[in-house]
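Here's a quick tour for anyone meeting this structure for the first time. Have a look at the model, then read on.

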Amino acid sequence: MAKEVFEQKTVRPAPPAQPVAHTNGTPIVGRTPAATPVRRRSSSGALLGIVIALLVVVCAGGAYYYFYLMPKPAAATDATAAGTTPGKHGKGGGASDKIRVVTATATRGDIGVYLVGLGSVVPLKTVTVKTRVDGQLMKVNFVEGQMVKKDDLLVQLDARPFQATLAQNQAQEEHDEALLENAQIDLQRYQTLWKQDSIPQQTLATQQALVKQDQGTVDLDKAQIVATQLNITYCNVTSPIDGRVGLRLVDEGNQVHAADANGLLVITQIQPITVVFTIPEDSVPAVQPKLNAGQQLVVAAFDRAQKNQLATGTLLTSDNQIDPSTGTLKMKAIFPNEDNALFPNQFVNTKLSVETKKNVVIVPVAAIQYGNQGTFVYVVDAEDPNNATVSMKNITVGTIDGDKAEIQTGVNEGDVVVIDGVDKLTNGSKVIVSKGDGSKKQGGPDTAAAGTGS
């Protein structure tokens with residue numbers, strides 16, 4: 001039997017009796033206030049509340065673990081991943097046993113053999129334009145970055161000092177020509193007198209020397225006139241080549257000198273332009289005979305990331321010796337650069353086309369695997385994409401060009417190889433071919449594999 005718990009009542013001791021007064025202030029003797037009883041809170045009620053709270057917490061935690069934290073059965077997870085339910089296919093034979101893969105078909109096509117190198121864009125001509133005379137810069141006739149043609153007027157200097165010098169030289173020439181003419185007249189007279197034996201021969205010889213002296217003075221005056229006219233021409237600075245103008249180095253109003261080191265501006269020829277790159281010395285025998293025979297080898301220039309092709313040109317020449325410190329040979333290729341895609345001193349990656357292999361078996365590079373057993377691929381054996389197995393075949397890889405590779409042995413044209421999902425496969429694995437395989441056959445790796453490898 002449960003014990004009955006009785007509430008215990010305690011009575012506080014009454015305070016000392018105080019006289020109670022009437023309304024008029026007269027105390028009433030013998031009356032005291034009544035004592036007030038006090039209740040104690042039940043301990044059983046508090047204990048019951050704690051127990052209920054603990055039960056609520058335990059139930060909530062269990063529900064959260066069951067619905068959110070407890071792992072699901074493996075069969076259900078596999079079935080969900082395969083898009084089916086475990087009970088539909090039975091134990092051990094359902095879609096959960098198969099691995100979903102993406103495939104591509106081996107085709108025949110052409111593939112290029114390339115030599116990849118690092119290069120730098122080098123202009124054919126770079127000219128630092130300087131003044132050939134001293135003077136004040138009066139006018140600049142170009143815009144920075146402008147494309148100019150040969151003989152275009154770029155800069156004008158103050159030509160007035162040279163024009164004044166030209167006038168002086170011309171006046172001096174007239175004076176000296178008059179002296180020469182007078183000396184020639186005297187020479188004719190002396191020649192007549194010498195024939196008459198009227199003067200000594202020495203006088204005639206002196207006059208002949210005087211005529212030659214005056215003739216030399218006149219020739220000197222004419223040369224000075226030509227030099228002054230040339231200096232006037234040099235006051236108009238023109239472009240010596242076709243190219244692109246760089247930043248202006250001197251502004252209008254400055255005094256410039258022929259001895260200035262920096263010059264007035266720099267012009268760089270960028271159409272056409274060359275690329276200097278290197279190839280390994282072991283590859284020289286494959287290139288040099290074709291170059292010596294006059295065969296044009298195609299060179300493609302790519303950006304630093306090797307993703308965008310910038311330009312296509314032809315191999316121009318090679319250096320005359322191999323660099324012994326690096327074991328490489330410098331090659332030079334020329335590019336039309338009509339779209340100005342190549343810029344002087346730009347870093348580029350180059351691909352030199354050595355030859356093109358015709359009608360070879362090509363597969364995507366993603367299909368090629370490497371292991372202890374050598375180089376291999378997984379080939380899909382069955383035609384039904386929903387009921388297929390794969391077999392591992394060892395292969396011999398030939399030329400690799402970008403995302404496609406030549407297969408010399410092990411794979412035939414038309415074989416279906418796995419290009420995605422190979423990390424989960426073993427020899428004889430059951431697979432489900434992805435529905436994207438058809439799109440890949442039409443526009444995916446197969447189509448790329450059939451290219452020429454340019």
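This is a predicted model: local features need pLDDT of at least 70, side-chain atom pairs count only at pLDDT 80 or more; totals for chains, interfaces and linings use all residues.

- The model has 7 salt bridges by the rule used here.
- One of them joins Glu413 to Arg108, whose closest N and O atoms are 3.4 Å apart.
- Glu413 sits in the loop between strand S24 (404-409) and strand S25 (416-420), while Arg108 belongs to strand S6 (residues 107-123), so this pair ties together parts that are 305 residues apart in sequence.
- Asp110 is in strand S6 and Lys358 is in strand S19 (residues 347-364), so the pair ties together parts that are 248 residues apart in sequence.
- As for Lys358, its relative accessible area is 58%, so it counts as exposed.

**A salt bridge between Arg160 and Asp158**

- The side chains of Arg160 and Asp158 also meet in a salt bridge, at 3.0 Å from N to O.
- Is Arg160 buried or exposed? Arg160 counts as exposed, because its relative accessibility is 56%.
- Asp158, on the other hand, counts as buried, because its relative accessibility is 14%.

**An open sheet**

- Look for 4 strands that form an open sheet, lined up in the order S11-S10-S8-S13 with antiparallel pairing.
- Which strands are at the edges? They are strand S11 (236-238) and strand S13 (255-256), and each of these pairs on one side only.
- Strand S8 (residues 135-140) and strand S10 (residues 153-157) run antiparallel and are joined by 3 bridges.

**A nonpolar patch on the surface**

- Leu47, Val51 and Leu55 make up a nonpolar patch on the surface, and together they have about 290 Å² of accessible area.
- Leu47 is part of helix H1 (residues 43-69).
- With a relative accessible area of 57%, Leu47 is exposed.

Notes: Residues are numbered from 1 along each chain as its sequence is written. Side-chain values use heavy atoms; hydrogens and water are left out. Two strands pair if DSSP finds at least two bridges between them. Helices (H or I, at least four residues) and strands (E, at least two) are DSSP runs, numbered from the N terminus. Patches are made of residues with over 30% relative accessible area and no salt bridge: like charges are joined within 9 Å, nonpolar side chains (Val, Leu, Ile, Met, Phe, Trp, Tyr) within 5 Å. Accessible areas come from the Shrake-Rupley method with a 1.4 Å probe; for residues, only the protein chains shown count as cover. A salt bridge is a side-chain nitrogen of Lys or Arg within 4 Å of a carboxyl oxygen of Asp or Glu. Buried means under 20% relative accessible area, exposed over 50%, partly exposed in between (1.4 Å probe, protein chains only).
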